[in-house]
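Keep the picture in view and try each task before you read on.

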Amino acid sequence: MSLIFKTIQTEGIAELSYLLGDDDEGVGAIFDPRADVEVYVEMAREAGLAITHIFETHIHADLVSGSRELCARLESAKIYSSGEGGAEYGFGPEKIRDGDRFTFGEVLVTARHTPGHTPEHMSYLLSETDHPDEPWAVLTGDSL
């Protein structure tokens, strides 16, 4: 496995998004995409990844999410958002719950309901599939 993990910062505001993938499997995910989605399309193309999952940590009141635009650009992707905390989206993302897990090659993503910043807020633990209880990173959105 060749893990791909990249941080994308939106200039001028404190917004971070992430590309996570496994180039052996050729699959990847984007977390909290910004409105200008071309950067993710290009990064995935360069890495040889098909983006299959677009994860949101929370409903963004302070910026425009690029989830729906990115999903429309990629035939391979679905949007995954929290089904916790009474969230209402106005469109139909795949709702996820605390403890849901997703695999990208040898990387395991575990959703954790972490209310506080917003009632529906999700954080995502990243670990190796053979060590699921030993995360090496957590993606927290705006909560930290």
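**Exercise 1.** Which side chain does aspartate 36 meet in a salt bridge?

Before the solution, two notes on the model. It is a predicted model, in which local features need pLDDT of at least 70, side-chain atom pairs count only at pLDDT 80 or more, and totals for chains, interfaces and linings use all residues. Residues are numbered from 1 along each chain as its sequence is written, and side-chain values use heavy atoms, with hydrogens and water left out.

*Solution.* Step 1: recall the idea that side chains of opposite charge can pair when their charged atoms come close. Here a salt bridge means a side-chain nitrogen of Lys or Arg within 4 Å of a carboxyl oxygen of Asp or Glu.

Step 1: find the partner. Aspartate 36 meets the side chain of arginine 34, with 3.8 Å from N to O.

Step 2: check how open each residue is. Buried means under 20% relative accessible area, exposed over 50%, and partly exposed in between (1.4 Å probe, protein chains only). Arginine 34 has a relative accessible area of 14%, so it is buried. Aspartate 36 reaches 44% and is therefore partly exposed.

**Exercise 2.** Find out which parts of the chain are tied together by the salt bridge between arginine 73 and glutamate 38.

*Solution.* Step 1: look at the contact itself, where the two side chains meet at 2.6 Å, N to O.

Step 1: Helices (H or I, at least four residues) and strands (E, at least two) are DSSP runs, numbered from the N terminus. Arginine 73 belongs to helix α2 (residues 67–73) and glutamate 38 to helix α1, so the pair ties together parts that are 35 residues apart in sequence.

Step 2: Arginine 73 is partly exposed at 39%, and glutamate 38 is partly exposed at 34%.

Now try a second pair: arginine 112 and aspartate 98 form a salt bridge at 3.5 Å, N to O. Arginine 112 sits in strand β8 and aspartate 98 in the loop between β6 and β7, 14 residues apart, so this pair links distant parts of the chain. Both ends are partly exposed, arginine 112 at 31% and aspartate 98 at 39%. Across the whole structure, the search finds seven salt bridges.

**Exercise 3.** Work out the strand order of the sheet that has six strands.

*Solution.* Step 1: pair the strands, remembering that two strands pair if DSSP finds at least two bridges between them. Strand β2 (residues 15–22) and β3 run antiparallel and are joined by five bridges; glycine 21 has glycine 28 as its bridge partner in β3. Strand β3 (residues 27–31) pairs with β4 in the parallel sense over five bridges, and alanine 29 stands opposite histidine 53. Three bridges join β4 to strand β5 (residues 78–82), again with parallel pairing.

Step 1: write the order. The open sheet reads β1-β2-β3-β4-β5-β6, with mixed pairing. At its edges are β1 (3–10) and β6 (94–96), each of which pairs on one side only.

Step 2: ask how enclosed strand β4 (residues 50–55) is. Five of its six residues are buried, so the rest of the structure largely encloses this strand.

**Exercise 4.** Where is tryptophan 136 found, and is it buried or partly exposed?

*Solution.* Step 1: locate tryptophan 136 in the loop between β9 (122–128) and β10 (137–139).

Step 1: with a relative accessible area of 38%, tryptophan 136 is partly exposed.
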